[in-house]
Amino acid sequence: MVMEAHDDPAFFRLINSADIVFSDGMPLVWALRAFGESGAQRVCGYDATLTLLAAAEKEGVSVGFYGNTQAALDLMVRTVRLLYPNLNVGFLECDSTYVGSQPYRVLSPEEDAALIDRIAASSVRLLFVGLGCPKQENWIMEHVGKVPAVMLGVGAVFNYLAGSKHRAPRWMRRCGLEWAFRFALEPRRLAYRYFKHNPRFVIMFLQQLLFKAA
């Protein structure tokens with residue numbers, strides 16, 4: 001996401017206008033600490049989601065989920081209901097703009113307005129959005145002030161909760177190797193993203209670090 005923002009000034013401004021941005025990745029945390037942010041910590045989307053769901057159950061806050069496929073949502077909700085039996089899930093809708101291997105399309109104004117109405121009618125106060133980066137971030141910021149809920153982009157969390165994807169072992173997450181684990185599982189899907197962004201991130205980080213030291 002950092003590199004997407006570097007390459008796209010509009011996305012850069014969008015990310016910086018969010019109320020809060022988590023550092024979901026140890027390499028980013030290490031980079032922040034190297035630049036003097038000694039208190040930087042990793043806030044994983046999966047862990048943050050579970051924490052917020054537990055708090056929502058305790059406080060009686062209604063939550064919703066938007067994105068991914070209907071099959072993934074059905075499996076995810078089973079897990080969520082097992083973990084948080086008293087949680088009020090008030091909204092659940094898949095991403096209707098993706099079919100099979102076809103590219104994402106844009107919702108028509110009428111479809112978008114109807115989606116907003118359905119979310120508003122559900123009265124959810126916390127909406128988890130799993131559309132993938134950068135689509136989910138763009139969607140959230142486009143709907144600030146339209147959707148009456150706190151919205152969080154959670155990426156692949158829906159798949160993890162559904163059991164269709166597995167998290168890296170804890171030691172790999174601590175060592176900043178979760179990307180390698182994910183690449184081993186989905187090399188074809190992630191190859192372009194990782195080979196395009198990861199080396200450039202390292203090079204630019206080192207350049208910035210050397211400039212700071214100088």
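How many Å apart are the mean positions of the positive and negative charges of the protein? Color the charged side chains and you'll be looking at 23 positive and 20 negative charges, with mean positions 8 Å apart. Here Lys and Arg count as positive and Asp and Glu as negative, leaving out His and the chain ends; each charge is placed at NZ of Lys, CZ of Arg, CG of Asp or CD of Glu.

Before moving on: this is a predicted model, where local features need pLDDT of at least 70 and side-chain atom pairs count only at pLDDT 80 or more, while totals for chains, interfaces and linings use all residues. Residues are numbered from 1 along each chain as its sequence is written, and side-chain values use heavy atoms, without hydrogens and water.

Next, show the aromatic rings: there are eight pairs in the whole structure (Phe, Tyr or Trp rings, the six-membered one for Trp, with centres within 6.5 Å; planes under 30 degrees apart are stacked, over 60 edge-to-face, the rest tilted).

Select F35 and F205, an edge-to-face pair at 5.5 Å centre to centre and 65 degrees between the planes. F35 sits in the loop between α3 (26-34) and α4 (45-59) and F205 in helix α11 (residues 187-213), so this pair ties together parts 170 residues apart in sequence. Helices are DSSP runs of H or I, at least four residues, and strands are runs of E, at least two, numbered from the N terminus.

Now jump to F65 and F158, also edge-to-face, with 5.8 Å between centres and 75 degrees between planes.

Last stop: select W179, F183, Y194 and F195, which form one aromatic cluster.
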